[in-house]
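Work through these exercises with the structure open. Try each task before you read its solution.

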Amino acid sequence: MSIGYERRDIDLEFLYYFGDVFSPVSFGLLLLGTIGGLLLGATPGLSPTMAVALLIPFTFHLQPVQGLILLGAAYTSTVAGGAVSAILLKIPGAPANIATTLDGHTMAKQGKGARALQLSFLASAVGGVIGVLLLIFLTPVLSQWALAFGPSHLFWLAILGVTVIGSLDSASVVKGLLSGCIGLWLATIGFDDIMGAQRFIFHPALGGGINIIAALIGLFAIPQVLTMFAKGRTSSAAEVIEVEKHSIKDAIRELVRRPRALTIGTVTGSFIGLIPGVGGQIAGLVAYDQTKKFSPEREKFGKGHSEGVIAAEAANNAMVGPSLVPLLTLSIPGSPTAAVLLGGLLIHGIFPGTDLFDNHPDVAWTFINSMLIGQVLMCIFGLYVAGLAARIAQVPQSVMAAVVLGLAVFGSYSVQSSMGDVYVMVTLGVIMYFLERFGFSAAPLVLGLILGPIAEANFIQGSMIAGATDGLGAYFLTGTLNIVLIAVVIASILYSVWMELRTRRYISKEEIMG
Amino acid sequence: MSTSSLPRLQHVCASGLVAAVGVWVAWISYTQQPSEAFLFPRLISTVFVVLALWTFFKALLGWTKVGHGLGTHEMANLLPGLVIALVYVFWAAKALGFYTAGAIAFFILLSLYDPAPHREVRTWVRRAIITAIYLAVMYGLFAKLLKVYTPREILF
């Protein structure tokens, strides 16, 4: 237990908080988050980001660490749970599971569904544990490094968070960055912190600014609800493939016999997770592609090869832990779901970085440890709830849409018992749905909304320092770290523009070739 | 109107609206006082306007490649659900009470989008049972577990 703890070795600090995960409430929430996440993850249309966003109002009524345990468990297991519907229904539960469908569903059709599921959960657990270990050992080092950051660096870091996700997570770089700008603007609505002046308050519901939880729920849940409505009266056409009995020992032996797929998946996922803005979808597809390239049996890929499932699932779960490294150290979420987790931290008044590890080490380490244990629980329960999860995945979209709408309304109201929050939630959600139809995306907008106050506070603080010293330009645009951060901002935008042009050229070529 | 020109017109309208919001934000940021309070909004709104106008002109010239717009079939499917959701949130939740309005909205949406045939009595009974379960779960979760006091008004 953490009581009476003295810091001896920062690398092993997490061990002192291991016992806290096993307190009845924390462990109960971990179990609840894991099983609930597996079931939600298996449901097509309910993305991990939306699942975590819908859970945030419930965490508001819990202790910060308990809330984070619930969110972390849901995040981890929704990614793994998405493999169930990918394998048994050929519908990826989340974008991260697209690569799993390629071989997983073929295996299921060949009567190897249980083996595919067992391999996917085992590979997810191995990848996930290594990813969380990376989180454990990299986070303290980076958070100490972040101590050297002044207001100008923190301002650029916040801008970097918005531009990286805006440019890498969107189909159009300009629209991604524009979405980020809209988010930054929304963050300024309300009363100014320093002068107390009213800014953009055009409705009484906006007097206190935009509530982050209401905005998160609206931006991620309502567009999904409206997407389901737009499909009309559709039945769940997918047929669940029945799962045969298969020995878990055989699955473990097979996993051990395939170290190449497991290693490539884990390494690729961990590396991609560290890059802010690049999600699990990319991790799974890149790992699948690399494993195929290095495999002597590459002709078997796509025809029900177990290496395809192992590589994809190891990768998409290995990215979960590292995607939290930039979040917990520098406040830059590595993925849209990590952005929602940041919202979950901020509502409890906890700021990532040194504040988190110096002032709330119990919260930080218990949360990280719970993710480690959550990987094991996810593997154990995943195998048992897979059948049930596949049935839940067949729930008609009409029921799903109505349930999510109800949860969104009740959830956003419950935070402050304010109808204003419900109005803001629905308004933002409806606008976001229409914006998404025209190529805008929610992730950079959310990042702008979350990082906006951090960017503004540091910009104002920096402006005051600059006024007393060398001037605004010299303060924000010179100095090694400022230049490095600005260069990274520009590089991420240029890289995304290049990728966008390359993809378009490739698509045009494909169209010409017919 | 041809089907190919419809998304283009939609893109022009959508990006035009975003650009208008950008210009409005910039106008307020640069004209409102005290100027210190609008320093950061000025910075953002400048970038906002530049990007929004760039997107608008791209849409005008037909260069927009991302986003499929909204087809008439999708719009027809979406509209009833959207109207019910908006009536539920902006009027019924407060006027009728959170749980009553929630249950009514749930039942209507379920019936509207359920692919099961409307003529069968069994279908309606099933929908009523699902709505009752939904209501019980929401009440248990929010009223009993989280102790959230919701507007009750006419009913509950």
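## Exercise 1: an oblique helix pair

In chain A, α6(A) and α19(A) are oblique to each other. The model is predicted.

**Task.** Find the angle and the axis distance behind this label for α6 and α19 of chain A.

**Solution.** 
- Step 1. Locate the helices: α6 of chain A covers residues 173-188, and α19 of chain A covers residues 442-468.
- Step 2. Read the geometry. The two helices pack at about 50 degrees, with their axes 7 Å apart.
- Step 3. Apply the cut-offs. Roughly parallel needs an angle under 35 degrees, and roughly perpendicular needs 65 to 115. The angle of about 50 degrees therefore gives an oblique pair.
- Step 4. α6(A) passes α19(A) in a right-handed crossing.
- Step 5. List contact residues. From α6(A) they include G176(A), S179(A), G180(A) and C181(A). From α19(A) they include P444(A), L445(A), G448(A) and E456(A).
- Step 6. Sort the contact by class: twelve nonpolar, seven polar and one charged residues.

## Exercise 2: one helix, two partners

**Task.** Describe how α7(A) crosses α17(A), then how α7(A) crosses α18(A).

**Solution.** 
- Step 1. Take α7 (residues 212-230) and α17 (residues 397-416) of chain A. Their axes come within 9 Å and cross at roughly 165 degrees.
- Step 2. Name the arrangement. An angle over 145 degrees counts as roughly antiparallel, so α7(A) is roughly antiparallel to α17(A).
- Step 3. Note the hand: this crossing of α7(A) and α17(A) is left-handed.
- Step 4. Look at the contact. Residues of α7(A) such as I213(A), I217(A) and F229(A) take part. On the α17(A) side, M400(A), V404(A) and L405(A) are among the partners.
- Step 5. Count classes. The contact has 14 nonpolar, four polar and no charged residues.
- Step 6. Turn to α18(A). The axes of α7(A) and α18(A) come within 7 Å and cross at roughly 50 degrees. That makes the pair oblique.
- Step 7. The crossing of α7(A) and α18(A) is right-handed.
- Step 8. Among the residues that meet are A214(A), G218(A) and L226(A) in α7(A), and V424(A), M425(A) and Y433(A) in α18(A). By class, this contact has 15 nonpolar, two polar and two charged residues.

## Exercise 3: buried or exposed?

**Task.** Is V424(A) buried or exposed?

**Solution.** 
- Step 1. Count. V424(A) has 24 C-beta neighbours inside 10 Å, so V424(A) is buried.
- Step 2. Check contacts beyond four places in sequence. V424(A) touches A205(A), I210(A), N211(A), A214(A), A215(A) and G218(A).
- Step 3. Go to F200(A), in the loop between β2 (198-199) and α7 of chain A. The cut-off for buried is 20 or more.
- Step 4. Go to S417(A), in the loop between α17 and α18 of chain A. The cut-off for exposed is 12 or fewer.
- Step 5. Check the backbone. Phi is near 55 degrees in F200(A), a positive value in a residue other than glycine. Phi is near 50 degrees in S417(A), again positive in a residue other than glycine.
- Step 6. Step back to the chain. Of the 514 residues of chain A, 61% count as buried.

## Exercise 4: chain B against chain A

**Task.** Which helix of chain B gives the largest share of the side that touches chain A?

**Solution.** 
- Step 1. Size the contact: 51 residues come from chain B and 51 residues from chain A.
- Step 2. List the suppliers. α1 (5-31), α2 (39-60), α3 (72-95), α4 (98-113) and α5 (121-145) of chain B each give at least two residues.
- Step 3. Pick the largest share: α2(B), with eleven residues.
- Step 4. Sort the chain B side by class: 36 nonpolar, ten polar and five charged residues.
- Step 5. Chain B is divided into domain 1 (5-60) and domain 2 (72-145). Their centres, taken over C-alpha atoms, are 37 Å apart.
- Step 6. Finish in the loop between α1 and α2 of chain B, where P34(B) lies. The peptide bond from Q33(B) to P34(B) is cis, with omega near -5 degrees.

Note on methods. Residues are numbered from 1 along each chain as its sequence is written. Chains are lettered from A and ligands numbered from 1 in the order in which they are written. This is a predicted model: local features need pLDDT of at least 70, side-chain atom pairs count only at pLDDT 80 or more; totals for chains, interfaces and linings use all residues. Domain bounds come from an automatic or database domain assignment. Two residues are in contact if their C-beta atoms, placed from the backbone, lie within 7 Å. Helices (H or I, at least four residues) and strands (E, at least two) are DSSP runs, numbered from the N terminus. Ala, Val, Leu, Ile, Met, Phe, Trp, Tyr, Cys and Pro count as nonpolar, Asp, Glu, Lys and Arg as charged, and the others, Gly among them, as polar. Axes are lines fitted to C-alpha atoms, for helices over the stretch in contact, and angles run from 0 to 180 degrees between N-to-C directions. A crossing is left-handed if the near helix is turned anticlockwise from the far one by less than a right angle, and right-handed if clockwise.
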